[in-house]
Amino acid sequence: MAAQSTLRRSPGDRFSHLFDHFLERLQARLDAYQRRNPLSKRTAQLLTTLALSLSIIASSYGGYRLYRRRKKEQRLGRQLLRRNSGLLSKDGSRTIFVPYKDQTTKVTIHPTKDTTFDAHRRLFLSPPKQTGMEIGVPPTNIKPGLNMAFIHQFGALMNIMIPRWRSKESGLLLTHAIFLLLRTYLSLVVARLDGEIVRDLVAGKGKAFLLGIARWLSIGAVSSYTNSTIKFLQSKISIAFRTRLTRYIHDLYLNKTQAYYKLHNLDGGVGHGADQFITQDLTLFCDSAASLYSSLGKPMVDLVTFNFQLYHSLGPLALSGLLVNYFATATLLRRLSPPFGKMKAVEGRKEGEFRSMHARLIANAEEVAFYGGGPTEHILLDEGFKELRKWMESIYRIKVGYNMLEDFVLKYSWSAFGYLVTSMPVFLPTLGSPSTSDQRPKIASTSATAVGVHQETTDRSGGRMKQFITNKRLMLNLADAGSRMMYSIKDLSELAGHTSRVYSLISTLHRVHADAYLPGRGTYSELFSLADVQGTLHKGFDGIRLENVPVVAPSLYPMGGEELVDNLSFVVGPGDHLLITGPNGAGKSAVSRIVAGLWPTYRGLTSRPRSDGQHGVMFLPQRPYLSPGTLRDQVIYPHTEVDMQAAGRRETELQAILEQAKLGCIPEREGGWDTRKMWKDVLSGGEKQRMGIARLLYHEPRYAFIDEGTSAVSSDVEGLLYETAKAKGITLITISTRASLKRYHSYTLTLGLGEDANEYEFLRVGTVSEKSSVERELAELRETLSHVEDWKKRRQEIDAELAKVWATKEDESGEETITEPLEP
Ligand SMILES: Nc1ncnc2c1ncn2[C@@H]1O[C@H](COP(=O)(O)OP(=O)(O)OP(=O)(O)O)[C@@H](O)[C@H]1O
């Protein structure tokens, strides 16, 4: 006993001891209480019944409340879903309801904080030197592959996918890892059991054999559950990663910096389509990141475990052989492996280009149909697909050779090697493991009688059989794990390709978000490129003011833009309605783009109100935009119903606004405010423009830019719309080539003047200078018209000259045709 008491307790023993100790103390206390205050059996029964009843009532009430809350939520969800709306919390998070089966499910979306973007910017815009990537994006100088750049890029994305150790994703990864370990353990058990079953079969032990089969089946059930759970968890991880990344990208793409416009029109870092990046590339990246976790993690665990097991049964020599084999094969395959990462990245780009061609056709289907442009579009699409097909075929050709080598090395040469290694204890027992060599003397010393000798021989061959089968299965598992590791090299390269695409998108978005355009080391920025923005956009001015701002049509970074108007200056205060006019392409709409902040203020100062919409400035673009959603959404755009309710606006107001915009019949015609249609196709050209005016009347901004906003509206209605908008106190800045609109404005800004068409004139309507400018224009026109008679005369002369040179005759069909010129 004394010897026992000196033994160290294991942690498990200590816990059970502690548990017993506390249980004993509790029991003693209860006994003491019972002795002091003896309860009658009846009272005890009563108390128990009371406690039970109370717990039943409490849980029923709790359940009832939960049920009611769920019902209420379902009702609200259905209502909000129908109205294309959601709930807005004080912390900026939005709760939306999405259809799920026959019901709705609640989703709360928390916006990414600005501090998170600030913290991540370094990762995406200033990669460490060791990666070889240049400061600035996208990392075009590095080929996607297994290199330092890949490690950095993947790490940066992991920061978004697993933001905290205690996040849901960490839990999923941990659970997945536990199941992977369980699967490895089960493989070991199966390997041993396999050996035992064959041994019992060979030895003719029927009972043991049947017992082995029963154990085999029960382990099979657990293994099947484990395998399907692993697959399920892998998909869950992939979706969880995708959700995090998609929300992050959406928060960068669709925020106040208008990255969705600048990405394609100014930056161009990701070509012309972010859609392909956000949809397909992101999905492929998440799928391969999640599958790599299991396809790399599991074989790694397997390799360590099985190698350890084999070391015990086969000895150090065999294990060294195995390791040398892995190393040699990995080096060979790595050397001969084609650049899968780069190939995947190019494939993604080509897929994106082909997809955007189709998207363009869908967006412009009506225009193409009117022109009868189907055959031309057909050729273009076929050409786009041909490029993609060629690339895919070249990838498949490259892959064939590599797959042959990979298959032979990993499947056949490895199994042959495995057979050799597992046969070692049989043919070379002296080189076997200590466990196998230990058995031999024992066996030899016990061989006394003939029966005994026979028994020993059977035992020995049974033992060998079991050992061989177990080792063989271990070897097969090992070969499987090893080959999966090797296949993972290819998966890893492909993951590098997807990683590079997603990283490029996010880093370009960060560049747009932070306006981080710097000239490269030792280079100067081009004139009027994004790295040459020296002007200021000032928000918070009651009016629109441009001071010496050159109007520049930008080019994609790092190229410089083209100057359209030299240093433009004008001021528009409250009530100073301005008409911007001039020839096509003079830069009229460009002025509104500069004020909206879409195009940079390269020099000088642009001042405008702080906010968009009410109390601020609103822009009605040249091409009317109709959003997907209800009829209500069309009038209140860019507000949603949540914003409308928050602003205290009512549907009756909307009806009055539509009346003012001469669209009063629309709600009745289209079936009410909650009707959802493809409004782009349902409304006529003029109706779309009137819808724009209705939006203006709904938002009642202080200033409004209307870019050719009434060109398809009849002039009497146009006048009415202008007067209504002005009566609401909206200061209008109209962009139009129609001089008739001058009567609704107090100032005109004429662009495209001068020899180089880069001069302008800003005049007050009705002043002497404005009149003289109109008269000047008239004089110019009269001057031009005075030449008409001369031009007519000249034309007659040319016709007469031509008649002398060309002879004409009537052909058989009676049509006039030109034959050959007459000899002089
Ligand atoms: N996104 C863009 N990126 C680069 N250049 C552009 C872009 N949009 C327009 N431009 C160029 O800027 C110039 C001025 O365009 P803008 O739309 O301001 O002309 P406009 O005076 O409004 O013409 P219109 O009367 O035809 O509407 C044009 O030469 C055009 O090619």
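Two strands count as paired if DSSP finds at least two bridges between them. Helices (H or I, at least four residues) and strands (E, at least two) are DSSP runs, numbered from the N terminus. Welcome to this structure, which is a predicted model: local features need pLDDT of at least 70, side-chain atom pairs count only at pLDDT 80 or more, and totals for chains, interfaces and linings use all residues. Residues are numbered from 1 along each chain as its sequence is written.

**The chain as a whole**

- The chain has 26 helices and 15 strands.
- Of its 824 residues, 29% count as buried; a residue is buried if 20 or more other C-beta atoms lie within 10 Å of its own, exposed if 12 or fewer, and partly exposed in between, with C-beta atoms placed from the backbone.
- Two residues are in contact if their C-beta atoms, placed from the backbone, lie within 7 Å. Among contacts between residues at least 6 apart in sequence, 74% join residues at least 24 apart.

**Strands around E8**

- Strand E4 (residues 536–539) pairs with E8 (residues 605–608) in the parallel sense, over four bridges. Lys539 has Arg608 of E8 as its bridge partner.
- Strand E5 (residues 544–553) runs antiparallel to E8 and is joined to it by three bridges. Here Glu547 stands opposite Leu605 in E8.
- E8 shows a covered face with Thr606 and Arg608, and an uncovered one with Leu605 and Ser607.

**A three-stranded sheet**

- Three strands form an open, antiparallel sheet in the order E1-E2-E3.
- Strands E1 (87–88) and E3 (103–109) stand at the edges with a single partner strand each, so one side of each has no neighbour in the sheet.
- Strand E2 (residues 94–100) is joined to E3 by seven bridges, and Tyr100 has Gln103 of E3 as its bridge partner.

**Around the ligand**

- Which residues come nearest to the ligand? Of the 13 residues around the ligand, these are Ala553, Asn584, Lys588, Ser589 and Ala590. A residue is near a molecule or strand if its C-beta atom, placed from the backbone, lies within 6 Å of it.
- Helix H17 (residues 588–596) gives the most to this shell, with three residues.
- The shell divides into five nonpolar, seven polar and one charged residue. Ala, Val, Leu, Ile, Met, Phe, Trp, Tyr, Cys and Pro count as nonpolar, Asp, Glu, Lys and Arg as charged, and the others, Gly among them, as polar.

**Nonpolar cores**

- A nonpolar core is a set of buried Ala, Val, Leu, Ile, Met, Phe, Trp, Tyr and Cys residues joined through C-beta atoms within 7 Å. The largest has 59 residues, of which Val551, Ala694, Ala704 and Ile733 touch the most other members.
- Helix H23 (residues 685–699) provides the largest share of this core, six residues.
- Apart from it lies another core, of 42 residues, including Ala149 and Phe179.
- Not counting residues up to four places away in sequence, Val551 touches Leu564, Val565, Leu568, Gly587, Ala590, Val591 and Ile594.

- The expected span of a helix is 1.5 Å times one less than its number of residues.
- Buried residues of H5 include Ala149, Phe150, Phe154 and Leu157.
- The 36 residues of H6 (residues 168–203) should span 52 Å, which agrees with the 52 Å between the end C-alpha atoms. Just after H6, Gly204 takes a positive phi of about 70°.

**Single residues to look at**

- Arg690 is found in H23. Is Arg690 buried or exposed? Arg690 is buried, because 26 other C-beta atoms lie within 10 Å.
- Leaving aside neighbours within four places in sequence, Arg690 is in contact with Ala661, Lys662, Leu663 and Val713.
- Phe528 has a positive phi of about 55° although it is not a glycine. Phe528 is placed in the loop between helix H16 (450–514) and E4, and is buried, with 21 other C-beta atoms within 10 Å.
- Glu700, also not a glycine, has a positive phi of about 45°. With 16 C-beta neighbours inside 10 Å, Glu700 counts as partly exposed.
- The peptide bond from Tyr557 to Pro558 is cis, with omega near 10°. Pro558 lies in the loop between E5 and strand E6 (562–572).
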